[in-house]
Amino acid sequence: MEKSREIFDQLGNPRKKEDVERAEERARLQMVENAPKDPELQEFLANIDFGLLKSIFQKIAEKSGIDPKTLNFLERERISPLVPDWTSAGCYFPDKNIIGISASRIAKIAEDLGAPENLLLLSTLCHEETHATSKVMCSGSDNINDFPIKIKTLTGYHSSTREQESSGAPSKRNSLFQLFNEGVTEKLAREVLKLYIASFGEGTGVVKKFEKMQKEIPEELPYTVAIKFIETFSKRLAYETHVSEDSAWRALVRGMYEGEDMLNWELWKELDMLITPGFVERLADGDLHKLFPKLAIPLKNPINGSVQWRISRLIKKFGKFIMGVSLYPHKLHPEHDHYRKPDHKK
Ligand SMILES: [Zn+2]
């Protein structure tokens, strides 16, 4: 059974299971067990029903056609407090397989927004668990003194690389599709959050309160633009492929869980042709604002033969994409220069 998290060495060979487990245990000891405790985070985690949370993730994965047994869901013992100067509320470390949560930072955000702190903690946990359960692939050395360093990481749609020639040399970093991935992640995390709360008796009131907050202060909440983008994109995909909006959204979820290669040239070409030239590049760079107007459902003009042919071809392609059946099967392998954009542009 294939696991949703895979680790490779510098040369692209899968690391031995025992070595991966040993490294994970080292990270757990260092970042959780032997790290200074955060009583606020501990209290919050003690009250979380991890069994229930896991079953919600499994059901959601199943709905998108993913085998729930492959999910890398993290239990309480892999959740670490973040150091006080950490700049975000939460973080998933794909190489260490640890979720970090900063309760103090969340307390500050809750105060600024006038939002219930526990709800924001829960929403952060759901978000980071969504990253952890996504397709994760890491390759490179785990010894930071091994130069040249070339580390590649894939989390859902987001791919990032870090390269450094020698000690003291500038390190080059590249990050693609991050905002797109965050949009899918946060939208799914909100779905999980609602299901989790709703499974407790008094849940509905809390959910309504949270939704009201999401509507009233959208700009302050993280990834609001990215979520709106994903919803508009799902609508457009649904329109083009004649499936329901929910099916299009589930296809995007499935892509995140399978690590859909957005740089697959065929998919890239089709998306550019369907929406606008340069679409995928801008998506990779997180230029979502500029892409919004391009996602509008096109006005129906009387169409001529060649346009009709193009549309039917696209529907065929996206139909396959939506069904999760790739016309061009691919697997990310660290040896493939997966993260480099093709030189040829239309
Ligand atoms: Zn995130």
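Visitor: How many helices and strands are there in the protein chain? After that, please look closely at the packing of helix H3 and helix H6: at what angle do they pack, and how far apart are their axes?

Guide: The model is predicted, so local features need pLDDT of at least 70 and side-chain atom pairs pLDDT 80 or more, while totals for chains, interfaces and linings use all residues. Residues are numbered from 1 along each chain as its sequence is written.

The protein chain has 13 helices and eight strands (DSSP runs numbered from the N terminus, H or I of at least four residues for helices, E of at least two for strands). Of its 346 residues, 34% count as buried (20 or more other C-beta atoms within 10 Å; 12 or fewer is exposed, in between partly exposed). Contacts (C-beta atoms within 7 Å) between residues at least 6 apart in sequence join residues at least 24 apart in 63% of cases.

The requested pair consists of H3, residues 50-63, and H6, residues 178-198. H3 and H6 pack at about 130°, and their axes are 10 Å apart (lines fitted to C-alpha atoms over the stretch in contact, with angles from 0 to 180 degrees between N-to-C directions). From H3, the residues in contact are Leu52, Leu53, Ile56, Phe57 and Ile60; from H6 they are Leu188, Glu191, Val192, Leu195 and Tyr196. By class, the residues of this contact are nine nonpolar, no polar and one charged (Asp, Glu, Lys and Arg are charged; Ala, Val, Leu, Ile, Met, Phe, Trp, Tyr, Cys and Pro nonpolar; the others polar).

The loop between E8 and H6 holds phenylalanine 177. Phenylalanine 177 has a phi near 60°, positive although the residue is not glycine. Most residues other than glycine have a negative phi. Phenylalanine 177 counts as buried because 24 C-beta neighbours lie inside 10 Å.

Strand E8 (172-176) is an edge strand of a sheet, as is strand E1 (5-8), each pairing on one side only (pairing needs at least two DSSP bridges). This sheet is open and mixed, with five strands in the order E1-E5-E6-E7-E8, and its twist averages 5° from one strand to the next. Within the sheet, E5 (residues 136-139) and E6 (residues 149-155) run antiparallel and are joined by four bridges. In one of these pairings, methionine 137 has leucine 154 in E6 as its bridge partner.

A further open sheet, also of mixed pairing, has three strands in the order E2-E4-E3. Its edges are E2 (79-81) and E3 (90-93); each has a single partner strand, so one side of each lacks a neighbour in the sheet. Neighbouring strands here are turned by 25° against each other on average, direction ignored. E2 pairs in the parallel sense with E4 (residues 98-101) over three bridges, and proline 81 has isoleucine 101 in E4 as its bridge partner.

The loop between E3 and E4 contains asparagine 97. Asparagine 97 has a positive phi, near 60°, in a residue other than glycine, and is buried because 20 other C-beta atoms lie within 10 Å.

How values were computed: Two residues are in contact if their C-beta atoms, placed from the backbone, lie within 7 Å.
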